[in-house]
Amino acid sequence: MGVHNLKFAASEPLDLVAGAKKGVGPDKSGPDTLPMVPASLLKRIFMHLNAEERALALQQRLVAVAWLPHTTLYADAAPEGIVRQEDPDFPIVARIAPYDFERAVYGLWRKSLARQAATGLALSLPTFSARAGLPGPLHVLLGAVIIAFGFAVFSTDSMINGIGLLLSIFFLGIIWLRLLVLSEAPATQIDRAEMDDSKLPNYSVLVPLFREVQVLPQILGALQQLNYPKHKLDIKLILEESDTAMRRTLAKFTLPPQFEILAVPAGSPQTKPRALNYALQFARGSLLTIYDAEDIPEPMQLRMAAGRFAKSPQTLACLQAELAFYNGNENWLTRQFTIEYAVLFKLMLPSLARLGWPLPLGGTSNHFRTAVLRAVGGWDAHNVTEDADLGFRLARMGFAVGTLGSTTFEEASSTPRNWIKQRARWLKGFLITWLVHMRQPRTAMDEMGLGGFCVMQASLLGVFAAALLHPLFLGLMGWKIWQGQFAGAGLPALLDCYFLGLIPVSWLVILLAGERGLRSKGIRGWWASLLSMPLYWLCISAAGYLALWEFFRAPFHWNKTQHGVSRLMRPAHQAKRR
């Protein structure tokens, strides 16, 4: 190997060449004997990397430092404790100090990485990004709402009945979804962790942490209890650059080698999906999952997901684990939340998965094939329900989503203020997601199929519109009863009976679904909470009107949910401080 045959990224590569000529490398000696690349050369080296080599450097911490006619030589920048498997395609002839590597990456590429995190989807797949602005269907929707309210105030009874009949379709969509899950057999799926450690793939775990000081010991403890080979774990703790409190608190903990801290450069929009997109550029696992700051996943969850992916076709892009609350019985509000999640994760999502229809993903514990996630553009940084949006985008791009028989426990919002801000964000995001995927309705229907298209209408626009219309229909029903309009005959009387029964039937179907969802979790009783669900619906309506206001005022604003509020924290999952 002559020096004249090498193309160098730096002006002083002779030490690396000498090391390679002597056979220094992972096959002949330990990494401590490899020459170190000086920090002063890293900027020049990085500037010579092409797009593929840059991605390799970010994801695997393998940096190309010299180019031979038929091979490339690399420097290893992995932190101490990370085991590097021998690979003849990536001959390692040098090391880079992890701190020097991180400083160079942050100093040279931080702006381009942050720009990609914020606008990557909008640039690569603009049809699927909310950044493009308000599409045409919004104007139709707003016009219909204005006309409906105008007719409701100034028109005759027949016009009111006609408008009510048209708007009732949103309630019928919700009833249809609940009847669908009630007609399905209960889920019996069992996922087992059967793969040998040697066959398990590298697994990236993304954990966005923004102002989460209260629950930091809990999530660090839970992550350290994951039953997965440590050298195959790639846990990214994602902080915002401006969140100095989190950075100082995290510095008090001693973290194992599988943990890495990423600071997301300041920028707009400051949202969870933008932070996830930033970290996705560094993820080295072929599989990837997301955990929120308050999550406590079951220790075997990653093994179960890896085993399921290994025996499934490559078109299976994502597995959604079940979400449940460790403080579900704390008060009336958390019990209502628990009922909702029982229906969603025990009944609805498994039913939709069995039918092959798209799933509105949850915001955490969704497990991906990393290559597919990158291929579909990652998350939409401008969508505040990036999870539901990604579920429908995967379906439209030909990928399947399934459910995983493992549970992640998290904290239910236990205070009214916290709950309504979180619910308003969700409902606002449902509207944004619906608008995005309705830019080309015919195309969306062709890609998802009629059943999937109907699921999207019911689970996005249907839920949002029903929240707004619920108190109006209650008022319409009460007004008709007050006026005694149910004693006539013919079509008007039938319409009156229809309006009289619509809301109670909706309540009944949702109550039955709630009871079945709780029973599937082994929870019995709770009749006071089940029977008081109509009151909870009114709370959702209040959140719906807040969501509508925020949609026009600040569509991309992320209402931060405060965690660590519950009295029922999980003290058994605590990381040790230094």
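**Helix α15 and its partners**

Author: The crossing of α14 and α15 is right-handed. The model is a predicted one, and this applies to every value below. Helix α14 covers residues 386-396, and its axis comes within 9 Å of that of α15, with a crossing angle of roughly 20°. Angles under 35 degrees count as roughly parallel, so α14 is roughly parallel to α15.

Which residues of α14 and α15 meet? On the α14 side they are Ala388, Asp389, Phe392, Arg393 and Arg396. On the α15 side they are Phe430, Thr433, Val436 and His437. By residue type, the contact of α14 with α15 consists of 4 nonpolar, 2 polar and 3 charged residues.

Helix α15, residues 416-437, also packs against helix α12, residues 332-355. Here the axes are 11 Å apart and the angle is about 30°. The cut-off of 35 degrees applies again, so α12 too is described as roughly parallel to α15. The handedness of the crossing of α12 and α15 is left-handed, whereas that of α14 and α15 is right-handed.

From α12, the contact with α15 takes in Leu333, Phe337, Glu340 and Tyr341. From α15 it takes in Pro416, Trp419, Gln422, Arg423 and Trp426. Sorted by type, the residues of the contact of α12 with α15 are 6 nonpolar, 1 polar and 2 charged.

Some of these side chains lead on to the aromatic residues. Phe337, Tyr341 and Trp426 take part in the contact of α12 with α15, and they also belong to one aromatic cluster, together with Phe325 and Phe345.

How many aromatic pairs does the model hold? With ring centres within 6.5 Å as the condition, the count is 16 aromatic pairs. One of them is formed by Tyr74 and Phe90: their ring centres are 5.3 Å apart and their planes stand at 70°, so the pair is edge-to-face. Phe90, at 27%, counts as partly exposed.

Another pair brings the account back to helix α12. The rings of Phe325 and Phe337 have centres 4.9 Å apart and planes at 55°, so this pair is tilted. Phe325 lies in strand β10 (residues 316-325) and Phe337 in helix α12, so the pair ties together parts 12 residues apart in sequence. Phe325 and Phe337 are both buried.

If neighbours within four places in sequence are set aside, the contacts of Thr72 are Ala64, Ala66, Trp67 and Pro91.

Thr33 belongs to another part of the chain, the loop between α1 (14-21) and α2 (39-47). Is Thr33 buried or partly exposed? With a relative accessible area of 49%, Thr33 is partly exposed. Thr33 and Val93 are 60 residues apart along the chain, and 9.8 Å separates their C-alpha atoms.

Ser268 and Pro269 are joined by a cis peptide bond, with omega at about -5°. Pro269 sits in the loop between β7 (259-264) and α10 (272-280).

Arg61 is not a glycine, yet its phi is positive, at about 60°. The residue is located in the loop between α3 (51-60) and β2 (62-67). Arg61 is buried, its relative accessible area being 6%.

Arg211 likewise has a positive phi, near 55°, without being a glycine. It is in the loop between β5 (203-209) and α8 (216-224). At a relative accessible area of 44%, Arg211 is partly exposed, whereas Arg61 is buried.

Technical notes
Residues are numbered from 1 along each chain as its sequence is written. This is a predicted model: local features need pLDDT of at least 70, side-chain atom pairs count only at pLDDT 80 or more; totals for chains, interfaces and linings use all residues. Side-chain values use heavy atoms; hydrogens and water are left out. Axes are lines fitted to C-alpha atoms, for helices over the stretch in contact, and angles run from 0 to 180 degrees between N-to-C directions. Helices (H or I, at least four residues) and strands (E, at least two) are DSSP runs, numbered from the N terminus. Angles under 35 degrees count as roughly parallel, over 145 as roughly antiparallel, 65 to 115 as roughly perpendicular and the rest as oblique. A crossing is left-handed if the near helix is turned anticlockwise from the far one by less than a right angle, and right-handed if clockwise. Contact means heavy atoms within 4.5 Å. Ala, Val, Leu, Ile, Met, Phe, Trp, Tyr, Cys and Pro count as nonpolar, Asp, Glu, Lys and Arg as charged, and the others, Gly among them, as polar. Rings of Phe, Tyr and Trp (its six-membered ring) pair if their centres lie within 6.5 Å; planes under 30 degrees apart count as stacked, over 60 as edge-to-face and the rest as tilted. Buried means under 20% relative accessible area, exposed over 50%, partly exposed in between (1.4 Å probe, protein chains only).
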